[in-house]
Amino acid sequence: MPITETNTLDVTALDTLFRTARTAYAWQDKPVSEELLREIYDLTKLGPTSVNGSPARFVFVTTAEGKARLLPTLMELNVAKSENAPVVAIIAYDTEFFDQLPKLMPHADMRSWFVGNPAFAEETAFRNSSMQAAYFILAARALGLDAGPMSGFDAAKVNAEFFPDGKFKVNLIVNLGYGGFSQSFPRSPRLDFDEAATIA
């Protein structure tokens, strides 16, 4: 369906996803249900990926035991943010995502593009799981949660703790919950269109 004024998002939705949305650093003492996590995933999985490869894999850390494993892998600045978050999502990518392509792309032999070409497979998995991480953040916001994405962690330690067989590799970590915005920083500046974009 072509985009028209009648099917664009309204102001409230755009504010929720972008304009008033903030990276969350502090959290209300309010749980996030497994049902809501499943809803977020079910929206995330609909976002486009190359050859429908869907390489992102998710670990939702919600327990004290899980936090005890995760917190030592984080930069010191990020420990409190994750310690107090109701959920910490470890977003990884499957280095062998292509084994799912007969299911995900059944009308063409896309698996053969990646078998025996680990560099191409890893590049594709990392790029597309990064896109899925962005879909995940927007899905969480759309369903009423706040998100705090982080790249301040020791990837080797995260992988050793949560993905020891080496098949999955961490890409990004996202804290989830209901934000306590009284403790947030002011929004940082952004580049204007002419500073960041050209039209060729």
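Select helix H7 (residues 155–162) to begin: Val158, Asn159 and Phe162 are buried there, that is, under 20% relative accessible area with a 1.4 Å probe and protein chains only, where exposed means over 50% and partly exposed in between. The model is predicted, so local features need pLDDT of at least 70 and side-chain atom pairs pLDDT 80 or more, while totals for chains, interfaces and linings use all residues. Residues are numbered from 1 along each chain as its sequence is written, and side-chain values use heavy atoms, without hydrogens and water.

Look down the axis of H7: the buried residues fall within an arc of 95°, so they line one face of the helix; the arc is taken from the directions from the helix axis to the C-beta atoms. Turn to the other side of H7 for Ala156 and Ala160, which are exposed. Next select S1, helix H3 (64–70), S2 and S4, which are among the elements covering the buried residues of H7. Helices (H or I, at least four residues) and strands (E, at least two) are DSSP runs, numbered from the N terminus.

At the N-terminal end of H7, select aspartate 154, the cap: one of its side-chain oxygens lies 3.1 Å from the backbone nitrogen of alanine 156.

Now show the open sheet, four strands in the order S1-S2-S4-S3 with antiparallel pairing; two strands pair if DSSP finds at least two bridges between them. S1 (56–61) and S3 (146–150) are at the edges with a single partner strand each, so one side of each has no neighbour in the sheet. Finish on S3 and S4 (residues 168–177), antiparallel and joined by five bridges, with glycine 148 opposite asparagine 175 in S4.

Notes:
Contact = heavy atoms within 4.5 Å. Polar contact = N/O pair within 3.5 Å; in protein donor to acceptor, adjacent residues only side chain to side chain.
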